Every structure is written in structure tokens, then in C-alpha cells.
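Please read each one with the structure open.

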Amino acid sequence: MALFTSLSIVTFVVVVWFAAGSLNVSALTLKAANDKLATSEERLRMATTGGGIGTWNWDLISGEMHNSPLCRQMCGLPVYDDVDIREIVSRIHPEDRAMVESAMSRASQSAGVLDVECRMVWGDGSIHWVASKGRTFNDAQGRPHRMEGIVQDITERKFAEGQNKLLAAIVESSEDAILTKDLQGIVTSWNPGAEHMFGYPSREIVGQPIQCLAVPGKEKEFDELLEKVRQGEIVQQFETQRRANSGKILDVSLTVSPLRDDQGALWGMTSVARDITGQRGVERQLRQSQKMEAVGQLAGGVAHDFNNLLMVIMSYAQFIKDSAGLNPQAERYTQQILEAGEKAAAVTRQLLAFSRKQVQDLRVIDLNELILQFSKMLPRFLGEEFQLEVRPQAGAAARVRADRGQIEQVLMNLVVNGRDAMPRRGKLAISLETADIGPDYCLTKRAHHGFWKLLCHLRER
């Protein structure tokens, strides 16, 4: 009996010893697991904080919400105090609030997923964009009981997206040709302004070399521009010519700039071309006008000097004619000198009118007579390539009170414009007709009823 009792005591001690050992091992294992979990949580906290990611946990049964300091900061709330869902919702921009509440309601049912972007209004009134992603977890009975998720500030991304949209809208609406190409000169983008300017649809030109716009003889210019941009240079307001799809040659002003990625590596270039064809045409017209003004000033000076000499000649011719004892032949010769002088004086008046140095001399003149006389000098001006036809007003004389030199200038302008409008030879007819001008026209143009109408008819051969 004593022996049995001793064995029982020994067995109990051994069992207790093994149990204690097992408990000790379990405690050590649990401590290691807790340490490992703490380490993992710390790593997660550091990763989310370093990555600018806030976290949140919402108990759907009690309504309690736990959120990280970074999450509260992004929502514009106190960093060190937990806040409930109502406070977070109150910070959502009024225009986004209904959308977010609807998304949260859907996500809180049947293990749904939350994915929203919205604006948060901070206490100082500033607006910040955030993106939140999360999911719902169910309990053992399959009922949703909590949601967990993350939140991230995307204000800078939204600003960049807005800037990109604005830039894209500017490019799309610009009348200038804006395009991009790679370092080999292959077109990669082509805006509507380029389509309108050069006549190539985007679907046809993208993927093609930019050299298709080259003017014959200027192909080398493209290689030189590409090489400059490859070296990192910016080519600004370079005036040159480009050939449109129709074959028309355009005067353009180019600005070509290199395109770089985030690391600064050159990957392409952008070109902005402005059509200055019309501007160049105006400049050419201005230069021509300045030349004509110089010619007019010269002609006016010559005509003025010639007129002084002509007055002396005609005065002496008149003295000779008025002298007594002239034989008929000498008198006839003197009369021819005076008539030639009158014609020369008419030419002088035209030159002075052309140079605008003649004082206006209003007289009653017959337009029919003026046209017939003035047309005698036009064939030499037009050349043999043009046939001239003059059609005066039939019937009564067409008398008007005007400056003869100015009417002749108007007639000369009509003839010049008519000749320039016919590159090839043709027929030019000048006619005088009566125009029936109504009272409204007379009131706005300060004209009088019964004006004569001087017309220039053109017909190419």
C-alpha cells in the first residue's frame, strides 16, 4: 500500500512537471508569435506612413470607427483623436457626399468592395482630393460586421489631370498646327489645327515622316532641325515654308522644342507651326505700296519740273502765234506746238494726280470725251496681249463736275486691276452707263440721284 502511494505521488509529480513544461513552451511560442505580429504591424505602419497611406476600420454593428492619424489628417480632422463616421462624412464636399454615401451603402452589404474618389473640405476651407479603397467582412453567420480600408491623398494627381485636360483642350482648339514626333521625325500626334493648315487628316499623317511637308529643294532643312533638337536646343520662330496636301506652299513660323521624360531623357519633340502666308502677303503689298509711293514722289517731282518748262515753251509759242506777219505755214506749226503742249500738260496733270500733289480742280467735264481721249494711251500700257474696247454712253453728253485728273486716275486703276485679274491675254472693255441710284444709297454714300456708272468688263481668251 505504501509502495502504491509512493508510485502515485511520483507519477503526479512527473505529470505536473510535463504539464508545466508544456505551458512554458506554449507561453514562449505565444510570445514569439506576438513579437512577430508586433513586428509585422510596425512594418505595415511604417510602409503605409511612408507611402502616404492612411488606414481605417469601421464596426458596422456598433458604429465605432478606428482610423490612423494619417487618415484623420487627410480628412482635415484632429490627428490624435478617433472620429466616427459622421464626422468624416461631414468633411466630404457637398457635391460628392451623396455619391460616397451610396458607394458605402453598397459596399457594406454582402462583402462588397468600396472604391471612391472625392473631395474633402478642411476646416480652413481648402479642398483636398482623396481616394479610398476598402472591403466588407462577414461574421460566422455570414452577416456583414466590419469594413476595413485605406485612404490616400490624390490632390496633386487631380491637379495634374486637370492641367493635362486644360492643355489638351488648348491644343485641340488652337488654330496653330501643334504636333509631336519622335527623334527620327515620325509624327506621333497631330491636332485639328494641323489638319486644317496642311490638309492631312490625323489618321493619315500619324506614323509618317514629317518630311512629307517638305518644299522641293528644302528637304535638308528637316534633318538640320531634327539634329538641333536632338542636341537639346529649342528652335524658336524659325520662318520657312511647308507644302500642304493640296500642293500649296505655305509661309510658316516654327517653334520646335525637345520632349523629356521624368528622368530628363530626350524621347521626342513638339512643333508649333503658325501660318503667316497672309501676313507675308500683306508685307509684300506694303513694300509694293512703298515702292509705288516712292515712284509717285519721283513722278510728281519730274512732272512739276517738266510743267514749269512746258509753261515756258507754250508761252513762247503763244507769243509767236500772236506776232504779226506770220506766214500760214509758220502759224500752222505754232498751232501744232500749242496742241502738243496741251497734250503734254494733260500727261503732267496725270502724273501730278498719281503722286497726289495736284490741288483738286473741280470742273464740268464730259465723261464720254474723257474716256475716248484717255483710252488712246491705254493700248501701249496694256500691250499686244490685250484687246481694248471702249463703249461711251449713247445719246446725250455725260457731264459731271469733278477733277479730271482724279477721274483719269480712277479709270487707270480700273484698267490696272482688270489687267492683273487676267493672267493670260483677253479682252478688256470700258463702258459708261447711267446708274439708277435709290435714296437709301444716296443717304449712306452722300451720292446724288443720276450718277454715272463707269464699268470695266473682263473676258479672258
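In which helix is the place of Phe319? Phe319 belongs to helix α9, which covers residues 277–322. The points below refer to a predicted model.

1. **Surface patch.** Phe319 has a relative accessibility of 53% and therefore counts as exposed, the cut-off for that class being over 50%. Together with Val312 and Tyr316, Phe319 forms a nonpolar patch on the surface. The accessible area of Val312, Tyr316 and Phe319 together is about 350 Å².

2. **Largest nonpolar core.** The largest nonpolar core is made up of 24 residues. Trp190, Met197, Phe198 and Leu213 are those with the most contacts inside it. Two or more residues are contributed to this core by each of the strands β6 (177–182), β7 (187–190), β9 (249–260) and β10 (266–275), and by each of the helices α6 (192–198) and α8 (219–230).

3. **Surroundings of Trp190.** With neighbours within four places in sequence left aside, Trp190 is in contact with Ile178, Leu179, Glu195, Phe198, Tyr200, Pro201, Ser202, Ile205, Val206 and Leu213. Of these partners, Phe198 and Leu213 are also listed among the residues with the most contacts inside the largest core.

4. **Val229.** Is Val229 buried or exposed? Its relative accessibility is 0%, so Val229 counts as buried; the class requires a value under 20%. Val229 is located in helix α8. When residues up to four places away in sequence are not counted, Val229 touches Val235, Val256, Ser257, Pro258, Leu266 and Met269. Leu259 stands 30 residues from Val229 along the chain, and the C-alpha atoms of these two residues are separated by 9.2 Å.

5. **Ser68.** The loop between β2 (65–67) and α2 (69–74) holds Ser68. Because its relative accessibility is 17%, Ser68 counts as buried. Leaving out residues up to four places away in sequence, Ser68 touches Gly54 and Thr55.

6. **Geometry of helix α13.** Helix α13 (residues 404–420) has 17 residues and, at 1.5 Å a residue, should span 24 Å. Within α13, the residues Gly405, Glu408, Gln409, Leu411, Met412, Val415 and Gly418 are buried.

Definitions and conventions: Residues numbered from 1 in each chain as written. Predicted model: local features only at pLDDT ≥ 70, side-chain atom pairs only at ≥ 80, totals over all residues. Heavy atoms only, no water. Patch = residues over 30% accessible without salt bridge, like charges linked within 9 Å, V, L, I, M, F, W, Y side chains within 5 Å. Areas by Shrake-Rupley, 256 points an atom, 1.4 Å probe, with all protein chains shown as cover. Salt bridge = Lys/Arg side-chain N within 4 Å of Asp/Glu carboxyl O. Helix = DSSP H or I, 4+ residues; strand = E, 2+ residues; numbered from the N terminus. Buried < 20%, exposed > 50% of the residue type's maximum accessible area, 1.4 Å probe, protein only. Expected span 1.5 Å × (residues − 1). Core = buried A, V, L, I, M, F, W, Y, C linked by side-chain atoms within 4.5 Å. Contact = heavy atoms within 4.5 Å.
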